Amino acid sequence: MVDIAELIHAFRGRYGSFPRVFFAPGRVNLIGEHTDYNEGFVLPMAIDRGTAVAIAARPDTILRAFSLNLNDTVQLNVENPGPGRHGNWLDYVEGMVSAITERGIILTGADVALASDVSIGGGLSSSAALEVALGMALVSISGGSLDKRSLAFAGQTAEYRHVGIHCGIMDQFTSVFAQRNHAILLDCRSLDAKNVPLRIREYQVVICDSRVRHSLASSEYNQRRQDCELGAKLLSTVHPGLRSLRDASLLDLEKHQSSFTPRVMQCCRHVISENDRTLRAAQALSAGDVFEMGKLMSESHNSLRNDYRVSCRELDLLVEIAMTQSGVLGARMTGGGFGGCTVNLVHRENFQEFCDVVAREYQTRTDIKPVIFAVDAGDGAREIIPKGSQRIWI
Ligand code: GLA
């Protein structure tokens, strides 16, 4: 958890006034990867790490923000936030101001300090945590009110327009709506969300951060999305009702194989099979069937590696090492891919040994020291009241 006392201290040292503090979590996706922008199903949970924003209103329209992690300040005018695409964190700040303003909220200027304990670009939604915490903070101190869904969509708009990633809604939705001890089965078409109790018995959700971030991640992401849309378009010529890959079956795909390039075919196969795995995983999780859950996670990794081709050597290695350890039921890359983290289902009794062996073997073979930690399923975004109680935010 972010050190809130330290954040407030830094805020007071820099700006003098006393701030309100808002927190939004990162997330780990248990299964359902690259399905959200195909109107499919995802099964993420919020983690007990995220971004905290300390904020106080200013009498003018200037927004100054200081990042404790980056030791960097950005500044803008909320009445004219700027076009984004600078390639740094100013994009998220400009993007949120602009996306909130166009949803009818008049923002005041503000002094902001923020701190995060989700590593940047690691596939644990550091960006969504920043967008949601900042968005909630800006709206609250401006005396406005934005419903939770609109807050999540504002984050997605910021990514699209100011950052340049055509992402789905999974990350922002989870950061806003998550509930402690639960994963969310989200239907990304209807936005129906079901809280699925995390019945993993004596197992833990363990993250291994490969600590590699490949620069292709965003261009490849947008490319995969285009390939999926092309696949859906081709299928819709033979299935008039088909709107997205969500509506397609593996049988449809096989029948019309000849109209696809191998690349588009593989992308479609991943998405269609991943939707099916995700629904089965949600059932397994709520029934406490950890073995089935683990098996589906591993199948998901194979599909992401072989068909969707968004894994990389380091993630494959982490999965391979994990799967040879005792007490591990499943392992897969999580998030967009091309570096970042894996998610593993590990027996509590084997956790320490898992950390030691995976760290040692990975380091021997890559020269990189991974970061390994267990996570609990946490709550979604909220205001943190220093006394320890929480203010309800709608
Ligand atoms: C990123 C995007 C999400 C989702 C995942 C892949 O995290 O932000 O919308 O597409 O990749 O599942």
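This is a predicted model: local features need pLDDT of at least 70, side-chain atom pairs count only at pLDDT 80 or more; totals for chains, interfaces and linings use all residues.
**Entry 1: H8 and H9**

I started with helix H8, residues 262-286, and helix H9, residues 290-308. Their axes sit 10 Å apart, and the packing angle is about 170 degrees. Angles over 145 count as roughly antiparallel, so I put H8 down as roughly antiparallel to H9. Next I looked up who touches whom. On the H8 side I found, among them, Gln266, Arg269, His270, Glu274 and Leu285. The H9 residues they meet include Glu292, Met293, Leu296, Asp307 and Tyr308. I sorted the residues of this contact by class and got nine nonpolar, six polar and seven charged.

**Entry 2: H6 against H8**

How do the axes of H6 and H8 cross? I looked at helix H6, residues 217-238, and saw its axis come within 9 Å of the H8 axis, crossing at roughly 90 degrees. That makes H6 roughly perpendicular to H8. From H6, I noted Gln223, Arg224, Asp227, Cys228, Leu230 and Gly231. They meet Arg263, Val264, Cys267, Cys268 and Val271 in H8. The class tally here is six nonpolar, two polar and three charged residues.

**Entry 3: the ligand**

Which residues surround the ligand? My list includes Arg27, Glu33, His34, Asp36, Tyr37, Cys167, Met170 and Tyr221. Then I checked some distances to ligand oxygen atoms. An N or O atom in the Arg27 side chain is 3.1 Å from one. For His34 a backbone N or O atom lies 2.7 Å from a ligand oxygen. Tyr221 puts a polar side-chain atom 2.5 Å from a ligand oxygen. Last, I looked up the cover: on its own the ligand has 300 Å² of accessible area, and the protein covers 90% of that.

Conventions. Residues are numbered from 1 along each chain as its sequence is written. Side-chain values use heavy atoms; hydrogens and water are left out. Axes are lines fitted to C-alpha atoms, for helices over the stretch in contact, and angles run from 0 to 180 degrees between N-to-C directions. Helices (H or I, at least four residues) and strands (E, at least two) are DSSP runs, numbered from the N terminus. Angles under 35 degrees count as roughly parallel, over 145 as roughly antiparallel, 65 to 115 as roughly perpendicular and the rest as oblique. Contact means heavy atoms within 4.5 Å. Ala, Val, Leu, Ile, Met, Phe, Trp, Tyr, Cys and Pro count as nonpolar, Asp, Glu, Lys and Arg as charged, and the others, Gly among them, as polar. A residue is near a molecule or strand if one of its heavy atoms lies within 4 Å of it. A polar contact is a pair of N or O atoms within 3.5 Å; within protein, one must be able to donate a hydrogen and the other to accept it, and residues adjacent in sequence count only if both atoms are side-chain atoms. Accessible areas come from the Shrake-Rupley method with a 1.4 Å probe; for residues, only the protein chains shown count as cover.
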